[in-house]
Amino acid sequence: MLSQDELKAMVGQAALQYVVPGEVVGVGTGSTVNQFIAALASMKDRIPGAVSSSKASSERLQAVGIRVFDCNEVGQLAVYVDGADEIDAHGCMIKGGGAALTREKIVAAQSERFVCIADESKLVRTLGAFPIPVEVIPMAAQRIMRQFAAIGGKAVLRLRAGQPLVTDNGQILLDVSGLQITDPLGFESMVNQWAGVVTVGVFARNRADLCLLGTRDGVRILHCA
Ligand code: 5RP
């Protein structure tokens, strides 16, 4: 039986076929994307480089010899490859388990096509079992936690080594459990409007166009409606 790491390696490799030679590629963050970066090294002479969604991915890309561009140095990207914490059949996702949600949404918004890579455990009927990451401005944290409580959610501050985790953007993260996201676009739009929210980790506006799911029987391609 294939391990989860093997499933991730399989989809990381499969995503290479969506990379457009001659074009800068958008690269996400996480353990599945790390496998994609390892595979992308084999194509490094056929692409000018990558735009990355985190400092961690930038370091990995540079370590394998791939040039990293700032978003502002390039125009629209042909493709963005990233993982997900949950994905539904429509390509809506929960993202941000790796704390990179804001830059992920920025690079996704600059890309024509979002190719999600994930093992099959990430496919869900309804988003929400995975706590929703929300990047916030620290002075707004307690009020935003109360706003989530008012709609039935429980928000906790994400910690690392006992201290509030600080994102690549210098902000903090809440993880919100207890919500079933039956209307991802409506939920994303609502939370985006709360003062002090930087990014909510529901990706509906910038959903995946297709998802490469690693299964024991091989890569399953989910064309998201
Ligand atoms: C990082 C993310 C990742 O895409 C998500 O957490 C999935 O990660 P992994 O591939 O390690 O399961 O959103 O912010």
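User: In what order do the seven strands of the open sheet stand, and what is the sense of the pairing?

Analyst: A word on the source first. This is a predicted model, in which local features need pLDDT of at least 70 and side-chain atom pairs count only at pLDDT 80 or more, while totals for chains, interfaces and linings use all residues. Residues are numbered from 1 along each chain as its sequence is written, and side-chain values use heavy atoms, with hydrogens and water left out. Now the general idea: strands of a sheet pair through backbone hydrogen bonds, either parallel or antiparallel. Helices (H or I, at least four residues) and strands (E, at least two) are DSSP runs numbered from the N terminus, and two strands pair if DSSP finds at least two bridges between them. Here the order is S3-S2-S1-S4-S7-S15-S16, with mixed pairing. Strand S3 (68-69) and strand S16 (218-223) are the edges; each has a single partner strand, so one side of each is left without a neighbour in the sheet.

User: How many bridges join strand S7 and strand S15, and in which sense do they pair?

Analyst: Strand S7 (residues 111-119) and strand S15 (residues 210-215) are parallel and pair over five bridges. Within this pair, Cys116 stands opposite Cys211 in S15.

User: How many disulfides does a search of the whole structure find?

Analyst: A disulfide is a covalent bond between the sulfur atoms of two cysteines. The criterion applied is a pair of cysteine sulfur atoms within 2.5 Å. The search finds zero disulfides. For Cys211, the nearest cysteine sulfur belongs to Cys116 and is 3.8 Å away. For Cys224, also in no disulfide, the nearest cysteine sulfur is that of Cys211, at 6.2 Å.

User: Is Cys211 buried or exposed, and why?

Analyst: The terms rest on relative accessible area: buried means under 20%, exposed over 50%, and partly exposed in between (1.4 Å probe, protein chains only). Cys211 counts as buried because its relative accessibility is 0%. Cys224 is likewise classed as buried, at 15%. By contrast, Val64, in the loop between helix H3 (55-63) and S3, counts as partly exposed because its relative accessibility is 25%.

User: Which residues of strand S8 point one way, and which the other way?

Analyst: In a regular strand the side chains alternate between the two faces of the sheet. In S8, Ile132, Val134 and Val136 point one way, whereas Pro133 and Glu135 point the other way, and all are buried.

User: Which residues have a positive phi although they are not glycine?

Analyst: Two examples may be set side by side. Ala99 has a phi of about 75° and is found in the loop between S6 and helix H4 (101-109). Ala99 is buried because its relative accessible area is 12%. Ala161, with a positive phi of about 50°, is in the loop between strand S10 (159-160) and strand S11 (163-164). Ala161 counts as exposed because its relative accessibility is 79%.

User: Which residues come nearest to the ligand?

Analyst: A residue is near a molecule if one of its heavy atoms lies within 4 Å of it. Of the 16 residues around the ligand, Ser31, Thr32, Asp85, Gly96 and Lys122 come nearest. Polar contacts are pairs of N or O atoms within 3.5 Å; within protein, one must be able to donate a hydrogen and the other to accept it, and residues adjacent in sequence count only if both atoms are side-chain atoms. A polar side-chain atom of Lys95 lies 3.0 Å from a ligand oxygen atom.

User: How much of the ligand does the protein bury?

Analyst: Accessible areas come from the Shrake-Rupley method with a 1.4 Å probe; for residues, only the protein chains shown count as cover. Taken alone the ligand exposes 380 Å², and the protein buries 91% of that.
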